[in-house]
Amino acid sequence: MNYYNLKDKKEVVDFKTASIKGQGNQKGLFFPEIIPAFDEDFIQNLNRFSDEEIAFRCMKDFVDNEISDEDLQQIVSETISFEIPLKKITDTISVLELFHGPTLAFKDIGARFMSRCLSYFLKDENKKVTVLVATSGDTGGAVAHGFYKVPGIEVIILYPKNRVSPVQEKQLTALGENITALEVDGSFDDCQNLVKHAFSDTEINIHLFLTSANSINIARWLPQQIYYLLALKQWQKTENGNPVICVPSGNFGNICAGLLAYFRGLPADHFIAACNANDVVPHYLKTQILEPKETVATLSNAMDVGNPSNFVRILELFHHQSENLHHFVSGYSINDEDTLGTVRKVYEQYNYLLEPHGAVAYSSLETYLKEHPEKKGFILETAHPVKFPDAVEKAIGGKIKIPESLADLMKEEKKTIEINSDFEELKRFLLNKI
Ligand SMILES: *Cc1c(COP(=O)(O)O)cnc(C)c1O
């Protein structure tokens, strides 16, 4: 399978190159040349296949023969080595729990697949790769765990001091070994600017082979299709008809993977992009005008994105025909008050604890189903409530229980190096690593 650069269609690369480079010329995103259809018998009868077989079939066409079947099987089974249950909450709404991985957020799935692919591609190259990544919270932990002790890979994570939650901070800083956490005296934007600066610095790039691990990398984006199939497998056991699928969205990688699976033949009735106050896409779906905005801070902060990078991939999937897109995807913007109200209501009425991102999705799906009472659907719950304890405890007016694995983690020592947001300091640190 080849991938072309959405900004420069002459740049065409294979899976390996696309996943090592991350992005193409002019920071363009890579996109598959072919949308490979699922076998009809396979997609209609998912319950005849094991989860590992489903994951393998989902990814095989994208990887081609660049990874042997045996190794790809190993990679996908490690990618989904925790439960991904679909739980029914009401007659019409179910929840796909994507937070049972090591860092309790759905980003574990993409990060695990990507790290294993990179290590596979680099193992014979005798090349040391430095993964440099800025995080506002969840990405850093997922990437750190995905690459932990992977030979040949050094991970450097930049995070804004005092601006990630205590759980997120421990997930970034307690591992050690090949993972280094830099605590930046600045904002997330400062961290991101430092990373961008490093990627364009000639001297650093002579000495270090840098790669990024953010969500625009195809090796993080594509494996997210897998859990849509695993959800359908569970759906087909108990439900008739196709589901409405509601995805809490920020950078739009997650929903874009679901839409890709739909174009390949995944049976779905409709998709909903559930957003917080950062409503660029819901606004576009209503008006057909795409206007990137300044980011607004909300309780569902992993979705605080004013200019979602993966949206261009969605436009490409729909051949830039906004009419079709508008017909098949709805968008909602939910404010913080509704978010907390939804956490509280679902907890009181159904004894089910959502966290803010899932609550944004729940509220959106509920609204859509009121207008379409004949339909049913599920939301993707992208994180565990303990990752956002302040908002959740405020909503339910009580303490939440910390799982044992997390209680142990919280006792571990935080290992960081403090830097300021001046590029020269980061540069000195990186060059000292050679
Ligand atoms: C990253 C993240 C999202 C947003 O996913 P996108 O693929 O960027 O749309 C939603 N919820 C949580 C908890 C996240 O960490």
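The side chain of Asp138 puts an N or O atom 2.7 Å from an oxygen atom of the ligand. This is a predicted model, where local features need pLDDT of at least 70, side-chain atom pairs count only at pLDDT 80 or more, and totals for chains, interfaces and linings use all residues. Numbering runs from 1 along each chain as its sequence is written, and side-chain values use heavy atoms, with hydrogens and water left out.

| Residue | Part of residue | Distance to a ligand oxygen atom |
|---|---|---|
| Asp138 | side-chain N or O | 2.7 Å |
| Gly250 | polar backbone atom | 2.8 Å |
| Gly253 | backbone N or O | 3.3 Å |

On its own the ligand exposes 390 Å², and the protein buries 97% of that (Shrake-Rupley areas, 1.4 Å probe). Around the ligand sit 15 residues (a heavy atom within 4 Å), with Lys107, Asp138, Gly250, Asn251 and Thr382 the closest. By class, that shell holds six nonpolar, seven polar and two charged residues, with Gly counted as polar.

Now for the second largest pocket, which has about 260 Å³ of space (an open set of 1 Å grid points where a 1.4 Å probe fits, with protein on both sides within 12 Å along at least five of seven lines; lining residues have an atom within 4 Å of a point). Its lining counts 13 residues, and Ser165, Asn301, Lys387, Phe388 and Asp390 come closest to the centre. Helices α7 (166-173) and α18 (389-396) each supply at least two lining residues (helices are DSSP H or I runs of at least four residues). The largest share, three residues, comes from α18. Six of the lining residues are nonpolar, four polar and three charged.

Terms used: Points joined across faces, edges and corners; volume = space filled by probe spheres on them. Polar contact = N/O pair within 3.5 Å; in protein donor to acceptor, adjacent residues only side chain to side chain.
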